[in-house]
Amino acid sequence: MTALRTRLAAWWRVATLPILAIVLALAIAAVIIVMSSVFTGAGFFPLLPLVAYGSLLAGAFGGGVAITNTLVAAAPLMLGGLAIGLGFKAGLFNIGVAGQFLAGAFAAAVVGARLAEAPVVLAVTASMFAGALAGAVLGAIPGFLKARTGAHEVVTTIMLNNAAALLLAWAVTDLVRAPGFTFPRTGDIGNAALPVLLGRNLHLGVPLAFIGVFVLRWLLDRTTLGFEIRTVGANPNAARYAGVSPLVIVTLTMALSGLLGGLAGAIQMLGVIGFYASGISAFVGFDSIAVALLGRTDPIGILFAALLFGAFRAGAPLMQIETDVPIEIIDIIQALIILFLAADLIVRRVFRVRSRPTDTPGATTVTRAWGKESVA
Amino acid sequence: MDVLLVPRLLGELVVYLALVIPDLLPIVLGLATPLALGALCGVLNERSGVVNIGIEGIMLMAAFTGYLAGFATHAEIGAAAALALGVIVAVVTGALLGLLHAWLCVTVRADQVIAGTILNVGAFGMTAYFNRLIITPSGEGGAGVIPSVVLGLGPIAFATLALVGLVHFLLYRSRWGLRTRAVGEHPKAADTVGINVFRVRYQSVIAGCALAGLGGAYLTLESTGSFQNGMTGGRGFIALAAVVFGRWTPLGAWGGALLFGAFTALGVIVRVRPAAGEVGALLAAIPSFWYAALPYLVTIVILAGVVGRAVPPAADGIPYDKEARA
């Protein structure tokens with residue numbers, strides 16, 4: 001009993017600030033909604049935030065379909081959040097999840113279309129593997145460059161995002177365009193589609209994402225590699241003196257991070273989208289940053305943060321249809337949540353939470369390595 | 001196999017580039033303008049010891065508010081006044097976001113990369129939100145574009161050239177510049193001789209971000225005359241690469257901006273002025289997607305190797321803590 005109590009107390013200590021940051025972000029977003037309500041069809045309406053949040057909630061949790069929608073939207077965010085959280089553990093900021101997501105989705109779509117007639121197990125496994133591999137390769141490049149030359153991963157991964165989107169658009173137009181469609185897209189994935197387990201759309205990727213959370217937790221806490229990743233993140237020099245090669249670990253961490261980003265793209269492709277066309281949304285890549293920060297880079301925290309943002313993404317369309325509040329309010333809420341987490345003194349002052357020196361677990365300073373020389 | 005193929009192609013390429021340079025130059029200067037302004041922002045921020053990866057978001061937000069100001073007022077006060085107002089609004093937007101960034105990085109001592117991320121995510125959300133609410137449903141255009149002075153380049157493009165020189169002069173020849181650089185290299189030493197580290201950092205960050213705001217104004221008010229969601233398209237990050245390329249000097253960063261502008265312009269010029277001969281066939285055979293991806297790939301290559309070991313300001317990215325033991 002007491003053990004459970006201490007455990008809950010410990011969780012609460014970790015979760016207080018993120019929860020209060022969410023509350024404050026929703027409150028500020030409500031002010032923005034009220035002020036902008038003059039531009040909606042209904043005109044100035046002080047209660048609009050309540051109505052909007054009501055339909056957001058209904059769209060996310062109101063009934064079985066809404067709940068499966070939330071879980072389906074949360075799954076890629078979970079993997080994307082893990083990708084960014086893993087990078088943070090090694091002191092790396094992988095903003096390239098958007099590009100790795102696209103690469104994973106593309107590779108899964110191409111292999112899936114090729115194996116559309118193959119047995120389900122083979123088609124699904126091979127397509128998922130292709131997506132993971134594509135993401136890993138795209139992640140390993142900036143990792144290696146960072147470790148070898150000091151080129152900062154924030155800039156190189158963003159550049160790779162843009163380049164990947166353009167080159168994949170070219171590939172789908174000129175290389176792997178499926179015949180018989182009016183616009184450039186890959187062929188149908190047939191048997192490579194992830195099996196639906198529950199309801200209309202709850203596919204195999206959802207439990208896989210949950211499993212991924214615990215695999216990553218095990219990797220970080222229980223394996224030598226996880227220890228080395230955390231050591232490089234805490235102090236690359238100490239890691240080098242302890243016989244760990246930062247070059248290998250930084251490259252490997254970015255490859256693993258990219259692998260998770262690629263998997264996110266693969267499950268979204270094989271479970272939801274079904275074919276690759278240029279312009280498919282890569283918002284997962286950017287939502288994942290907020291997910292990782294809100295989850296405080298801890299896999300379990302990321303699980304809950306992904307469920308929250310999955311709920312936002314699943315509920316937002318209904319909110320926009322019913323209340324005219326643009327879907328982009330979700331991005332604003334995200335920015336506000338990150339703001340209140342980064343500047344937690346605002347939250348502490350508003351809610352009169354006392355400052356405790358211990359309650360910043362996994363606080364990361366990713367800026368530290370900015371523009372510094374290579375670690376290798 | 002024709003052994004002379006590669007040298008011949010290279011020769012033809014050089015001749016072609018020499019022929020199109022008069023056409024190429026204004027395009028390059030235009031494309032380099034937002035990059036140069038963003039890079040000046042990066043130089044001023046990092047020289048004072050603050051990393052700013054939010055340049056992208058600042059430019060986007062300023063591009064939007066400047067456009068919105070022109071959009072809302074041009075019917076009443078006329079296009080010229082509305083455009084001027086739009087530029088002012090964009091610069092003020094940049095400065096205000098700079099104030100937020102400085103507060104987060106200097107006063108709160110938050111992680112500076114996260115602070116920049118807040119600007120990027122927030123700017124994308126805010127601009128898309130109000131674009132959908134205000135501009136899209138109206139179905140109307142903005143205040144148009146600022147007319148060009150000469151060579152198809154407008155006042156912001158020419159002002160940028162002057163600003164590059166001015167910032168370079170200020171940074172290396174003025175007392176303020178010396179203080180800014182001192183604060184970025186060794187804030188403790190600067191503090192000891194009576195320089196207010198916090199104030200200098202606030203000044204540099206706000207001034208830099210105001211310039212990034214001008215870069216945003218260029219995009220909507222001088223270059224395109226319209227606003228699209230996420231229209232900065234990574235320019236803020238290319239600007240950061242230009243800062244590294246230019247080794248944290250304004251003139252060098254401008255050179256970087258010109259280089260990236262040139263690679264973007266290449267994709268434009270091969271369509272407008274097709275080359276003749278074998279090299280022409282080769283250039284025309286390259287898909288336009290590749291030309292579009294070229295500046296991004298060049299950025300990676302340059303960051304990774306060509307620059308060599310560029311050394312940033314010593315205190316770059318480290319919040320100053322008066323009480324900390326050095």
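Let me start with one residue: A:Asp324 has 19 C-beta neighbours inside 10 Å, so it counts as partly exposed. On that scale, a residue is buried if 20 or more other C-beta atoms lie within 10 Å of its own, exposed if 12 or fewer, and partly exposed in between, with C-beta atoms placed from the backbone. A:Asp324 sits in the loop between α12 (299-323) and α13 of chain A, and its phi is near 70°, a positive value in a residue that isn't glycine. For background, most residues other than glycine have a negative phi.

Before I go on, some housekeeping. This is a predicted model, so local features need pLDDT of at least 70 and side-chain atom pairs count only at pLDDT 80 or more, while totals for chains, interfaces and linings use all residues. Residues are numbered from 1 along each chain as its sequence is written, with chains lettered from A and ligands numbered from 1 in the order in which they are written.

Chain B has a mean pLDDT of 88, and 97% of its residues reach 70 or more; pLDDT is the predictor's confidence in each residue, from 0 to 100.

Okay, chain A. There are 14 helices and 2 strands in chain A. Those are DSSP runs, numbered from the N terminus: helices are H or I with at least four residues, strands are E with at least two. For 376 residues, a compact globule would have a radius of gyration near 21 Å, and chain A agrees because its value is 21 Å. That radius is taken over C-alpha atoms, and the globule rule is 2.2 Å times the number of residues to the power 0.38. The C-alpha trace of chain A spans about 60 × 60 × 45 Å along its principal axes, and 56% of the 376 residues are buried. Take the contacts in chain A between residues at least 6 apart in sequence: 78% of them join residues at least 24 apart. A contact here means two C-beta atoms, placed from the backbone, within 7 Å.

Now look at α1 of chain A, residues 2-36. Its 35 residues reach 49 Å from first C-alpha to last, close to the 51 Å expected at 1.5 Å a residue; the expected span is 1.5 Å times one less than the number of residues. Where does α1(A) bend? At A:Ala15, by about 45°, and a proline, A:Pro18, follows within four residues. The bend is the angle between axes fitted to the seven residues ending there and the seven starting there. The buried residues in α1(A) include A:Ala21, A:Ala25, A:Ala29 and A:Ile33. That spacing brings to mind a general point: an α-helix has 3.6 residues a turn, so residues three or four places apart point the same way. Among the elements covering the buried residues of α1(A) are α2 (48-61), α11 (283-294), α13 (329-342) and α14 (344-351) of chain A.

On to chain B, which has 12 helices and 0 strands. With 326 residues, a compact globule would have a radius of gyration near 20 Å, and chain B, at 21 Å, agrees. The trace of chain B spans about 70 × 55 × 30 Å, and 54% of the residues in chain B count as buried.

Let's zoom in on B:Gly94, in helix α3 (residues 79-107) of chain B. Is B:Gly94 buried or exposed? Buried, because 32 other C-beta atoms lie within 10 Å. The C-alpha atoms of B:Gly94 and B:Ala210 are separated by 4.4 Å, although the two are 116 residues apart along the chain. Leaving out residues up to four places away in sequence, B:Gly94 touches, among others, B:Ile58, B:Ala62, B:Cys209 and B:Gly213.

Chain B also has a positive phi to show you: B:Arg109, not a glycine, is at about 60°. B:Arg109 lies in the loop between α3 and α4 of chain B, and it counts as partly exposed because it has 14 C-beta neighbours inside 10 Å.

Last stop, where the chains meet. The contact takes 44 residues from chain B and 44 residues from chain A. On the side of chain B that touches chain A, the elements giving two or more residues are α4 (112-138), α9 (235-245) and α12 (288-306). Of these, α4(B) gives the most, with 17 residues. By class, that side of chain B has 32 nonpolar, 8 polar and 4 charged residues. Here Ala, Val, Leu, Ile, Met, Phe, Trp, Tyr, Cys and Pro count as nonpolar, Asp, Glu, Lys and Arg as charged, and the others, Gly among them, as polar.
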